[in-house]
Amino acid sequence: MDGLDALKAKYLTAVATAADESALEEVRLGALGKKGEISALMATLGKMEPDQRKAFGAMLNVLKDEIDAALRAKKAGLADATLDERLRSEWLDVTLPGRPRPRGTIHPVSQVMEELTAIFGDMGFAVAEGPQVESDWYNFDALNIPPEHPARQEHDTFFMARAEGENRPPHVLRTHTSPVQIRAMAAQGAPIRVIAPGRVYRMDMDQTHAPMFHQVEGLAIDRHISMANLKWTLEEFCRAFFEVPSVELRFRASHFPFTEPSAEVDIRCSWEGGQLKIGQGDSWLEILGSGMVHPKVLSAAGVDPTQWQGFAFGMGIDRIAMLKYGIPDLRAFFESDLRWLRHYGFAALDMPDLPGGLSR
Amino acid sequence: MKFTLSWLKDHLDTSASVDEITEALTDLGLEVEEVVNPAARLAPFTLARILHAEKHPDADKLRVCRVLTDEGEKQIVCGAPNAREGITVVLCKPGDYVPGIDVTLGIGKIRGVESHGMMASERELELSDEHNGIIELPSGEVGQKFVDWLAVNRPGTVDPMIEIKITPNRPDALGVRGIARDLAARGLGILKPMPLVAVQGGFASPVGVAIDPALKAKGCPHFAGRTIRGVTNGASPDWMQQRLKAIGLRPISALVDVTNYFTYGLNRPLHVFDAAKVKGDLRIHPAAGGEEFLALDGKTYTLRAGMMAISDEIGVESLAGIMGGELSGCTEATTDVFLESAFWDPITVASTGRALKINSDARYRFERGVDPAFTLDGLELATQMILDLCGGEASEVVEDGAPLDVSRAYKLDPARLIRLVGMDIPETTQRATLEALGFTLNGDMAAPPTWRPDVLGEADLVEEVARIASLTKLQGIPLPRVNTGVPRPILTELQVKERAARRTLAALGYNECVTYSFIDAEAAGLFGGGAEAVRIENPISSEMTHLRPDLLPGLLRAAARNQARGFADLALFEVGPAFQGGEPGEQQLLASGLLVGASAPRDPFGSRRPVDVFDAKADAEAVLAALGAPARVQVSRKVASWWHPGRSGAIGLGPTVMASFGEVHPKVLQAMGVKGPAVAFTIAVSAVPSPKVKTPTRPALTLSDLQAVDRDFAFVVDAKVEALTAVNAALGADKALIDSVKVFDQFTGEKAEAQMGAGKKSIALSVRLQPRDKTLTDADIEAVSAKIVEKVSKATGGALRR
């Protein structure tokens, strides 16, 4: 039995002192290999008496397991040490920048158009579109602005060239999105609810004007829609769009040839500290024009004004974008300065929706 | 439209404050743009009396005064020669701001003597240029506000000026009286009566008038005038000058000032001819064309045929309703004057004014519409005023035509107000409002007054009542939903695609631009546009003369501007309309992307490389995929002239071109001022087909348990053989077994030619075989490989690379 203890001591020492995996493998072969010492002792069991074989065999198995366990533990230890050594050599400067990923942006005008669509879509307004080169009739006459009407001059209209000998009035670059009212009603009839966002053009360029800008038209025609419904709709819109708990609107009598009665709409705000806050304060900010669609406009679009009535409104998309997001200069919208696009633009996945809030 | 408070009060009996009036005006639709209140800067000053004045102990020209003020006796040192005991003065106290010297006063010490304020001169208070001494008031009590004293004694100096914005429908508010009428209807006072006069003519007017028959029906239905002889045309009185100056008009002479006064006061533009300079009678006629006319603005205009003119035997003396002539204008030497009051047709005046680019107060009013029934009354009132101010004797009235009949009436349906506006106003109030505005009610019919050409229907009656009642009071009422429950989708397919294109491009790293729809002629020409049909007749600048045929010119110009600012690497895109023609609807929604410079910034990993065609192609394909384009498309080389002929392509489906991509032609880049490399793509969003069957259900997924086998092939082909030819040939070798074919390498250039022969290259394909029912044997694979080699070799004229 002393022999086994000596054997045990010999191999455990050998395991402990093995310097690397190959030395350890030699130890394993010496003990547990086919020709190893333990294996050799195992081979002697067959010649023993049954009682002796049983007792010696049990002891041998214990010894074998012990050495095996020591070998495995040592092997794992050596592997860890090797890995540690490798990891110690594997050092990188993690303060280096990550690989560049391009980051695109959505223009504020597009973003705000989607915000408008989200809000009015929820109220059942579809999105209508119309051509940007318009006939004189759609841009003016159908909207109750006959030729020579002084309102035409206020539009600073861009005219398209006419072919030699062409007698019709020149086409225009639409001066407002209102012609889409006519086209939408002519195509769909009543009842109808649409908004029509898009580019419009006026011959005007200075600090606060660009010859192209964006408007959104709203139109709701039904049997009983009144100006009070218009006020509520605009209040709901402004509250949702400006993302404030409440808003207060003020209707002021005004004049647009295509609505009657007409109202300019102001929103209560504060400019305290140079910062615009919607919904509070003592100032009023004009944000849009609106009114009840003029009977002549309904007739021009083929809708019977004795049966149908409703409201229309129009507001500047760039303007409400400037108000909401604090963008100072309209003309910069169209200059494509990369610094501006990055600063005021929106991430590709910032898609406005009502459940998540319009802006992030 | 500008007016002053005192002018308004000539017509309106009111005790309302300026704030109340301006608030009401804005609410009534006469939006106040500016209020200039001269009293505001004089508000702190009060009256005081000098009790005692004696020479300053250390200065000969200064006096030390004891002054009685509302705060007791004060000591004030004063340099004015007239500072003496007993006079009533205007006191500025320490802390007050004195406008004329731009100083806020403190307690001073002047040569050792304390001074508690100052006594002001007219110049120091900006009342006049008078500065010979301090103001001495003939009346007033100590402690009284100076502005109150001025309001009573010199009201013109503290008369607030109000400017309002006039919407085109309200010509009546271009006269002070019309504004007063609106305020009276609102309840802010009572409209004072305006007594009319009829001046007896003492002689027949030596100047007669005749309206050409061609104009009587429309251009000039009514013309009245008379001669006033023996007038003295000096300066107009102070009160009139003050009012005219307050609204920004320069007083000229009494006769001219009277016409301006009537223009602004009663919206009744008039004209005065120097009768001595008029030869024969006045004739109102359409111009023959070519007449030269020297107008009062000192410019000479050439009339076009049909323009309305007033001529005498010498020639054109006035451009009807727009501007008088210099030659027959009144001067200080004028003694005989011919006064004109006429009704001119708005449309005729507007078109002439626009054609000649003349803006005048008269044109502004006539083209909006003056009261046709006031022509004669206005003439009489003005005659009286001229006689009062200038003396002289009036002739009988000469007149041609008659007042335009504008009588009409509309049914007043009191229920319409609540139906259309949502405001509940009793019928009696509605009727009273209309009557206050000058409407005549007869049963349920309401006849608008002659000065309201804008009222043309029942809806206008509703507007008037609602406007006077105030829309501010309107309470919102919820707009009922069209459908109950969850809102339905509202966007059209094209709108959904537009969004998808935009969001995909931003996700790919492009910055969205919104560039102008009009570009310069050169850029338009480079991109196949610039035709006459898309030319803008009145462009705002030479950079914006033609509708854009494509989005790339705008993006290239934007790139050039950014390069000039030091940004060399750009990824810009735009989604928007381009125009093929100048007719409504000749526009198409495009999505364009432009890459300039390098693919990435410089970094330690060598990510940076110049952008190339395949960047643009990959992005175009990504957008097409997002728009739902099918995976199998054709790539052709048929592209437009602004692309590099050898490095560009078009992606299409049959005859439909969905997209173009490639390097921008170097000449175009140079013309647009962009430093290359620059690659781009343009997608015709509406050309991408929508799925034929719209269903959210996906086709069933079929997965095979059998392992796929990849086999690689390299072919030596002519350098200009296209890879897609080889790919399609390989795909055709066994449509059931071949799952995909991918190009994974190409070997071109000098080294390749050295190995494979001049004009040759190699293309390497990886073919994935997907068995469906049994595992492939080596023999199966050999068979299909042989077929691939055969098909590709045949299609490309090449051979397997050994």
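Mentor: We'll take the chains, then their contact, then a few helices.

Trainee: What kind of model is this?
Mentor: It is a predicted model.

Trainee: Okay, chain A. How many helices and strands?
Mentor: Chain A has twelve helices and ten strands.

Trainee: What's its radius of gyration, against a compact globule?
Mentor: Chain A comes out at 42 Å. A compact globule of 360 residues would be near 21 Å. Along the principal axes, its C-alpha atoms fill a box of roughly 130 × 55 × 45 Å.

Trainee: And how much of chain A is buried?
Mentor: Buried residues make up 44% of its 360 residues.

Trainee: Now chain B. How many helices and strands there?
Mentor: Chain B has 22 helices and 42 strands.

Trainee: Switching topic. How many residues of each chain are in contact with the other?
Mentor: On chain A, 74 residues are in contact with 82 residues of chain B.

Trainee: Which helix gives the largest share on the chain A side?
Mentor: Helix H9 of chain A, residues 227–242. It supplies seven residues to the side that touches chain B.

Trainee: How does that side divide into nonpolar, polar and charged?
Mentor: The chain A side has 41 nonpolar, 19 polar and 14 charged residues.

Trainee: Let's look at helix H2 of chain B. Which residues in it are buried?
Mentor: H2(B) covers residues 18–28. The buried ones are B:Ile21, B:Thr22, B:Leu25, B:Thr26, B:Asp27 and B:Leu28.

Trainee: What do those buried residues pack against?
Mentor: Elements from two chains. From chain A there is strand E6 (249–256). From chain B there are strands E3 (32–36) and E13 (161–164), plus helices H5 (176–186) and H14 (458–469).

Trainee: And what comes just after H2(B)?
Mentor: B:Gly29, which takes a positive phi of about 100°.

Trainee: Back to chain A. At what angle do H3 and H4 pack?
Mentor: Helix H3 (residues 37–44) and helix H4 (residues 50–89) of chain A pack at about 160°. Their axes are 11 Å apart. H3(A) and H4(A) are therefore roughly antiparallel. H3(A) passes H4(A) in a left-handed crossing.

Trainee: Which residues meet there?
Mentor: From H3(A), A:Ile38, A:Leu41 and A:Met42. They meet A:Leu60, A:Leu63, A:Lys64 and A:Ile67 in H4(A). That contact divides into six nonpolar residues, no polar and one charged.

Trainee: Last one. Where is B:Leu376?
Mentor: In helix H11 of chain B, which runs over residues 375–390.

Trainee: Why does B:Leu376 count as partly exposed?
Mentor: Because B:Leu376 has 17 C-beta neighbours inside 10 Å. Buried takes 20 or more, and exposed takes 12 or fewer.

Trainee: And how far is B:Leu376 from B:Thr335?
Mentor: Their C-alpha atoms are separated by 23 Å. Along the chain, B:Leu376 and B:Thr335 are 41 residues apart.

Technical notes
Residues are numbered from 1 along each chain as its sequence is written. Chains are lettered from A and ligands numbered from 1 in the order in which they are written. This is a predicted model: local features need pLDDT of at least 70, side-chain atom pairs count only at pLDDT 80 or more; totals for chains, interfaces and linings use all residues. Helices (H or I, at least four residues) and strands (E, at least two) are DSSP runs, numbered from the N terminus. Two residues are in contact if their C-beta atoms, placed from the backbone, lie within 7 Å. Ala, Val, Leu, Ile, Met, Phe, Trp, Tyr, Cys and Pro count as nonpolar, Asp, Glu, Lys and Arg as charged, and the others, Gly among them, as polar. Axes are lines fitted to C-alpha atoms, for helices over the stretch in contact, and angles run from 0 to 180 degrees between N-to-C directions. Angles under 35 degrees count as roughly parallel, over 145 as roughly antiparallel, 65 to 115 as roughly perpendicular and the rest as oblique. A crossing is left-handed if the near helix is turned anticlockwise from the far one by less than a right angle, and right-handed if clockwise. The radius of gyration is taken over C-alpha atoms; the globule rule is 2.2 Å times the number of residues to the power 0.38.
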